[in-house]
Amino acid sequence: MHRRAFLTSLVGASAAVAGLSGCAKGDASADAGAATRPLAGKVPAGTSLKIASYQDTQQLQFRLAKLPELPFTVSSWVNIGAGPDVINAFRAGSLDLANNAGIPPIQAHYQGFDAKIVAIGITRKPNYLFATKPGSDIRTVAGFRGKRLAFSQGQAQGVVLLRALRQAGLKYDDVRLVPLTSNQFLTALQSGQVDIAPLANSQAPAYLKQYEGKGAQVIKTDVVDLLNLLWAPQSVLNDPAKAAAIAAYIPAWAKGQVWIYEHPEQWDEEFYVKTQNLTPEQARSITALANKPLFPPAWDEAVKWEQETADLLAEGGFVKKFDVSALFDHRFESLAAKAVPAEYRR
């Protein structure tokens, strides 16, 4: 659908979240001063967190890397990854900390839900490419004109698509944006509901294996989604014990990513082959595209990127323009960088 129709389709969803916004803001303001207090140096006994671990990757990372035991209880590892699902889980109180890209915190702010970014990794190489439906003759982003594009405004795939369109000189009204969540993209491609969908590098081998013989293609670009981050509801961060637990978790999160980068063969076998049912060859093709984990000691670049992303969404009418500095809790700023060797601090 064109942008105007797309925005109309969001009215119902926006109205629904508006009703929840008051609760979220009330929870966040329960202890407004907590967000400015120094973090506790020790996690109080009995503290627990509910942490997102899509496809159980976090537990596997920690186990394989043989990291020290966390100084708090993980009451549940929640198998959740998509930004909209994370926001819903935050609202429901079933999740305390999640790993996403830069766009979900923007979407949460737009919906009136108060949450903060607490850790940042920088991504320098593309994590996504564009897949065509079977039988398509599209070969470049310029060929997206007039086509149906799978679009999730609350996920990384959404901003990658918008940046790719801008880079190709296409306006929003030059294409037809079909509102979907990323877990619907493959089905939409397979059925021909959309002509193009952004897929993670890790999804492409399996898709091509099934549909390349039927004319499906992938289109690579140099568009990156810069931020790989951890974020948490403000109501969680207002709890000094939970904030201290998050501060203790961040170094382990960073070290786990470094371990994967330094042990690609073991990760290929333990994760991609054993849990994702990919062949060793497919696993290696994914790992070859992996980003070196980088954790900035200061967040200036990340804030600039997040502002550009928010502005890009605002230009399309998908969110209202705002100052993204409100999304960052700088008490946690240097924790990830301090936990890794110097070559991973950028």
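## Ile120 and its surroundings

Ile120 touches Leu227, Asn228, Leu229, Trp253, Leu294, Phe295, Pro296, Trp299, Ala302 and Phe328, leaving aside residues up to four places away in sequence. These contacts come from a predicted model. One of the contacts, Leu229, is also the bridge partner of Ile120 in S10.

Ile120 also belongs to the largest nonpolar core, which has 88 residues. Within that core, Phe72, Ile120, Phe144, Trp231, Ile246, Tyr249 and Phe332 touch the most other members. Helix H10 (residues 240-262) supplies the largest share of the core, with 11 residues.

## The sheet S3-S10-S4

Strands of a sheet pair through backbone hydrogen bonds, either parallel or antiparallel. Here three strands form an open sheet in the order S3-S10-S4, and the pairing is antiparallel. Strand S3 (98-100) and strand S4 (115-122) are the edges, and each pairs on one side only. On average, neighbouring strands are turned by 30° against each other, direction ignored.

S4 and strand S10 (residues 227-233) are joined by seven bridges in the antiparallel sense. Helix H5 (residues 103-110) lies across S3, S4 and S10. The helix runs at about 35° to S10.

## Strand S5 and its partners

Which strands pair with S5? One is strand S8 (residues 196-200), antiparallel to S5 over five bridges. Phe130 stands opposite Pro198 in S8. The other is strand S9 (residues 218-219), also antiparallel, with two bridges to S5. There, Ala131 has Val218 as its bridge partner.

Are the residues of strand S5 (residues 128-132) buried or exposed? Five of its five residues are buried, and the strand is mostly covered. In a regular strand the side chains alternate between the two faces of the sheet. In S5, Tyr128, Phe130 and Thr132 point one way, while Leu129 and Ala131 point the other way. The residues on both sides are buried.

Methods. Residues numbered from 1 in each chain as written. Predicted model: local features only at pLDDT ≥ 70, side-chain atom pairs only at ≥ 80, totals over all residues. Heavy atoms only, no water. Pairing = 2+ DSSP bridges. Helix = DSSP H or I, 4+ residues; strand = E, 2+ residues; numbered from the N terminus. Axes fitted to C-alpha atoms, helices over the stretch in contact; angles between N-to-C directions. Contact = heavy atoms within 4.5 Å. Core = buried A, V, L, I, M, F, W, Y, C linked by side-chain atoms within 4.5 Å. Buried < 20%, exposed > 50% of the residue type's maximum accessible area, 1.4 Å probe, protein only.
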